[in-house]
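Hi there,

Here is the structure I promised to pass on to you. Have a look at it first, and my notes follow below.

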Amino acid sequence: MQEAETKGPGKDTMGKALEGVRILDFTHVQSGPTCTQLLAWFGADVIKVERPGVGDATRSQLRDLPDVDSLYFTMLNHNKRSVTIDTKNPKGKEVLERLVKSCDVLVENFAPGALDRMGFSWERVQELNPRMIYASVKGFGPGPYEDCKVYENVAQCTGGSASTTGFDDGPPLVTGAQIGDSGTGLHLALGIVTALFQRERTGRGQRVLAAMQDGVLNLCRVKLRDQQRLQHGPLKEYPQYPHGKFGDAVPRAGNASGGGQPGWIVKCKGWETDPNAYIYIITQAAVWPQICKVIGKEEWIDDPDYATPEARLPRLMHIFATIEEWTKTKDKFEVMNILNPLNIPCGPILSMKELAEEPSLRKTGTIVEVDHPTRGKYLTVGNPIKMSDSPTEVKRSPLLGEHTDEILTGLLGYSEAEVSALRECGAV
């Protein structure tokens, strides 16, 4: 099977954006691998360092097929090479030192202090390679919690997302989007390419830190905006208004729009049996007359209780209930086809099944099918960032240690006899 590819102009003559950049990948699970996979998609040579016989923990987590790498691993480690090294073995450390000297970027998401204990602190890496960019994902930045471990949902809770997600009369909720792990990995990737750009001027490497709490908070900036607005009166676009149910912190707002334009999720035809038969509709002021006509409420256009956004605020739940009576007579795609030509903002709730089967996403390379030697064919998410002169090829993830010999001989200059000796002593 051909490797999935997102084609761009000049595919045969243009190189990839990060060709020539070599990444030493000490990452595992999700946040770090998200970052290094993105860099690999842009052409960087990513060398994933794994423990002999074990590898990244996600190779065996959440397996759906026995004795093959899990989808958890394969979908986060495309386009990489895998080398297995025992970092506790003196000879293994020698191999790592040679790798540090041969790479441009080191990326890690170990628990705080783990790489230092391995003998590869920032200071030691600088000694070996002053041009090295040393990039880390951590749970928290400097402060009282910087030594704490953090996972996805912990990051969502400590970064402000959970406290502002859900309905006001229920508990805080985490989102299904991996904004803590994958979101922080995306932030770190930007930091790395920025540091590479600066190195072109200075010739020096530097440390790059992306804390998961910081990344989540950055994605929740509109809620920090609302926290400051709350000091000057109620947040009128929230469902709590006009009932005055505001405390001293931004509340959970259900499905209300965060952009000041009232929006809500309403039922569509088939909702009784289909958990995703819903659509999100925004009652934007500019298209209010069109909305009224579509739902059969033309009298609302000039009614002083409905004619202005301010007048509608106390009646939003009634308005959306009325809209819902109309949407329940049509499926979500019919609703979208009617509202879009009228410039009424809306979007159907798309299930993972629907997304996986969407032809347009296959065509753009956002969803790709990849062939794996032990797993067979599977779907994955391709590069979400499209560049006209840097086409993305989504290549399968590596088998454990698949490129060890290739890297030792082709990159580090070991002879075959030396590689055999390294294997015999358990260094690789």
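How many helices and strands does the protein have? There are 17 helices and 13 strands, where helices (H or I, at least four residues) and strands (E, at least two) are DSSP runs, numbered from the N terminus.

Before the details, a word on how to read them. This is a predicted model, in which local features need pLDDT of at least 70 and side-chain atom pairs count only at pLDDT 80 or more, while totals for chains, interfaces and linings use all residues. Residues are numbered from 1 along each chain as its sequence is written, and side-chain values use heavy atoms, with hydrogens and water left out.

**Overall picture**

Taken along the principal axes, the C-alpha atoms fill a box of roughly 85 × 50 × 45 Å. The protein has 428 residues, and 45% of them count as buried (under 20% relative accessible area; exposed is over 50%, and partly exposed is in between, with a 1.4 Å probe and protein chains only). Its accessible surface is about 21,200 Å², with 53% belonging to carbon and sulfur atoms; these areas come from the Shrake-Rupley method with a 1.4 Å probe, and for residues only the protein chains shown count as cover. If you take contacts (heavy atoms within 4.5 Å) between residues at least 6 apart in sequence, 66% of them join residues at least 24 apart.

For Cys-35, the nearest cysteine sulfur is that of Cys-103, 14 Å away. Cys-292 is also in no disulfide, as its nearest cysteine sulfur, in Cys-346, is 16 Å away. Cys-35 is buried, at 0% relative accessible area, and Cys-292 is buried at 0% too.

**Aromatic rings and charges**

Rings of Phe, Tyr and Trp (its six-membered ring) pair if their centres lie within 6.5 Å; planes under 30 degrees apart count as stacked, over 60 as edge-to-face and the rest as tilted. By this rule the count is seven aromatic pairs. One of them joins Phe-26 and Phe-110, a tilted pair with 6.2 Å centre to centre and 55 degrees between the planes. Phe-26 lies in strand β2 (residues 22-26) and Phe-110 in the loop between β5 (105-108) and α4 (114-117), so this pair ties together parts that are 84 residues apart in sequence. Phe-26 is buried at 4%, whereas Phe-110 is partly exposed at 23%.

Trp-288, Trp-300 and Tyr-306 are linked by ring pairs into a cluster. Trp-288 also has a charge over its face: Arg-312, at 4.2 Å from the ring centre. Lys-267 lies over the face of Trp-271 in turn, at 3.8 Å from the ring centre. A charge sits over a ring if NZ of Lys or CZ of Arg is within 6 Å of the ring centre and within 35 degrees of the ring normal.

**Two helices**

Gln-37 in helix α1 (residues 31-41) is buried, with a relative accessible area of 5%. Leaving aside residues up to four places away in sequence, Gln-37 touches Thr-74, Met-75, Leu-76, Asn-77, His-78 and Lys-80.

Buried residues of α12 include Leu-316, Phe-320, Ile-323 and Trp-326. Among the elements that cover the buried residues of α12 are β8 (263-267), β9 (278-282) and α10 (288-294).

Best wishes

Conventions. A disulfide is a pair of cysteine sulfur atoms within 2.5 Å.
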